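This report concerns a structure with its sequence and is intended for computational work. Please examine both before reading on.

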Amino acid sequence: MSNLEFDGDGFLIHPETWTKEVADEIAKADGIENLTEQHWAVIKVIRQSYEEKGMAPMVRVICKETGLKLKDIYELFPLGPARGACRVAGLPKPDGCV
Amino acid sequence: MNKLTKAQIDAALKLLKMPADSKLVTHLNACVHCGLCGTSCMYYTTLKEPRYMPARKVEMVASLYRRYCTLTGKIFPHLVHARELDEQMAEEMIDVLFGGCTMCGRCVKHCSIGVDIAYIVRVGRQMLAAMGLVPATLQATVDAALNTGNNMGIPTEEFVDTIQWMEEDMQSEEGFEKATIPLDKEGCHVLYTLNPREPKFFPLSISAMAKVFYAAKESWTLSSTMYDVTNYGLFNGNNEQAGVIAKHLHDEVLKLKAETLILGECGHGSRATRWEGPNYLGQAYEFEVRTVVELINDYIRSGRIKLNPALNAEKVTLHDPCNLVRNGGLLQELRFAVRQSCADFVEMNPCGNDNYCCGGGGGQLAMSEYNERRLKIGEIKANQIRATGAKVVVTPCHNCVDQLTQLSHHYKLNVKIKTIAEIVADALVMEK
């Protein structure tokens, strides 16, 4: 993968180094061949929350902003909103049991 | 690593010099080097490096004990293989005691003379904590709990919004139109608790349990601020911080005048609160503390809820969270709840007290540094699951859920991971 720094879990250490190409690469590594419009909608909400509040959004906010159902989010990102979506969106790993 | 200061070393050694702790001295001097623990350990079995042998982990702490607390070790350290507490030793301890042990206790069950190896590992972690050498990722999770009341730093307003959203979602389902998720209600029988990853990312387990409470006509509530069942103070080795976190729930029960504190599906949180909590707090609880699985079983046994196992037709297996089964004694309780809720149950091999850890215990999921090892040792668990042929793995621990989800993805197991509340809620038969 590109010359970027990742932590042991594969999360970007510096979220500001994230680009759309990085998102594509991480997604591929997770078995998501093509990021669809729905994927990008989720990624956009996550990045916006991170830029405004410095943390990943609640999954409620992702659903509300994108109009997607919880089930859809879990299907779009099989590793879930944290290890799946937040990682593709270039956020550092959230604290806790994720 | 920076050179250790005298203050750091003194703080760590103070923990070994506590004369009141006869358990520590006994267990540090009891290992007979038989090696049975080696094949018990997921790290040693998978990575095949001697440093991961549980006996070697005990020996690290024991060699320091001999160096600083015995006469021979003080005068002729080499004669008794006593080691100095220096930077190299500290680095080895961090790598193995934090990064190479899930504190699952499987080695303890197999030890020919019953050395409590996981306890010695925690004493080693306590020494590292006293020197300020807890891995930053693990400490961040503890700090979030200390600073905000929950280990993911969720603001109260966002938590409340999520609970209301889940409540509306649940009420749109047939049979649950009148079900609620009460917040901060005083004088209830049950104060229920959550793992913060539920409201943050996986809230369906909250509404699943709310359905069970509704079916059982339980008087219950959640707190809008102190709902976190986890206590990473068990893992970072800092008893003072563990005590502050334990006090969060303790004080909340008194504030809301609840009769019983019910611990959500979290292995280490149940252990840290129910069994270690009184030690951290320095007092017995003034109220009853139980796990939610035991409460659900009360409902089933007394007929307060009715289940139809045919509603969960897929083949189900059970992963035993170490802190609830091997270290908590809930072996039969977990099986009762799962067997009552599904039509086709199969055990893993080995299972129960001899089951393997998911590989993510002991704070491993929080420590990104050791992710590669965590996924490697998880292969044992992945193979166990694959061999059962089950489509669903049930486990009453959100930490295990996360590790198992990752294992399912990584090792292509294609299984669904569920909590006990979720499988019970799916089997509920509601009265018309």
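The structure is a predicted model, in which local features need pLDDT of at least 70, side-chain atom pairs count only at pLDDT 80 or more, and totals for chains, interfaces and linings use all residues. Residues are numbered from 1 along each chain as its sequence is written, while chains are lettered from A and ligands numbered from 1 in the order in which they are written.

**Chain A**

Chain A contains 5 helices and 0 strands, where helices (H or I, at least four residues) and strands (E, at least two) are DSSP runs numbered from the N terminus. The radius of gyration of chain A, 12 Å, is close to the 13 Å given by the globule rule for 98 residues, so chain A is as compact as a globular protein of that length. This radius is taken over C-alpha atoms, and the rule is 2.2 Å times the number of residues to the power 0.38. The C-alpha trace of chain A spans about 35 × 30 × 25 Å along its principal axes. Of its 98 residues, 42% count as buried; a residue is buried if 20 or more other C-beta atoms, placed from the backbone, lie within 10 Å of its own, exposed if 12 or fewer, and partly exposed in between.

**Contact between the chains**

In chain B, 33 residues are in contact with 21 residues of chain A, contact meaning that C-beta atoms, placed from the backbone, lie within 7 Å. On the side of chain B that touches chain A, two or more residues come from each of α9 (136-148), α10 (156-171), α11 (197-200), α19 and α20 (398-410) of chain B. The largest share, 6 residues, is that of α20(B). By class, this side of chain B has 13 nonpolar, 13 polar and 7 charged residues. Ala, Val, Leu, Ile, Met, Phe, Trp, Tyr, Cys and Pro count as nonpolar, Asp, Glu, Lys and Arg as charged, and the others, Gly among them, as polar.

**Domains and strands of chain B**

An automatic or database domain assignment gives chain B domain 1 (6-133), domain 2 (138-299) and domain 3 (307-427). The C-alpha centres of domain 2 and domain 3 of chain B are 21 Å apart, and 26 residues of domain 2 are in contact with 26 residues of domain 3. The side of domain 2 that touches domain 3 in chain B comprises 11 nonpolar, 9 polar and 6 charged residues.

| Strand pair | Bridges | Bridge partners |
|---|---|---|
| β1 (residues 190-192) and β3 (residues 260-263) of chain B | 3 bridges | B:Leu191 and B:Leu261 |
| β3(B) and β4 (residues 288-291) of chain B | 4 bridges | B:Leu263 and B:Thr291 |

**Backbone details of chain B**

Most residues other than glycine have a negative phi, and most peptide bonds are trans. B:His33, in the loop between α2 (22-28) and α3 (42-47) of chain B, has a positive phi near 60 degrees. B:His33 is exposed, with 10 other C-beta atoms within 10 Å. Phi of B:Lys217 is also positive, at about 55 degrees; B:Lys217 lies in the loop between α12 (204-215) and β2 (220-222) of chain B. B:Lys217 counts as exposed, with 9 C-beta neighbours inside 10 Å. The peptide bond from B:Asn349 to B:Pro350 is cis, with omega near -5 degrees, and B:Pro350 is found in the loop between β6 (344-346) and α19 (371-388) of chain B.

Definitions and conventions. Two strands pair if DSSP finds at least two bridges between them. Two residues are in contact if their C-beta atoms, placed from the backbone, lie within 7 Å.
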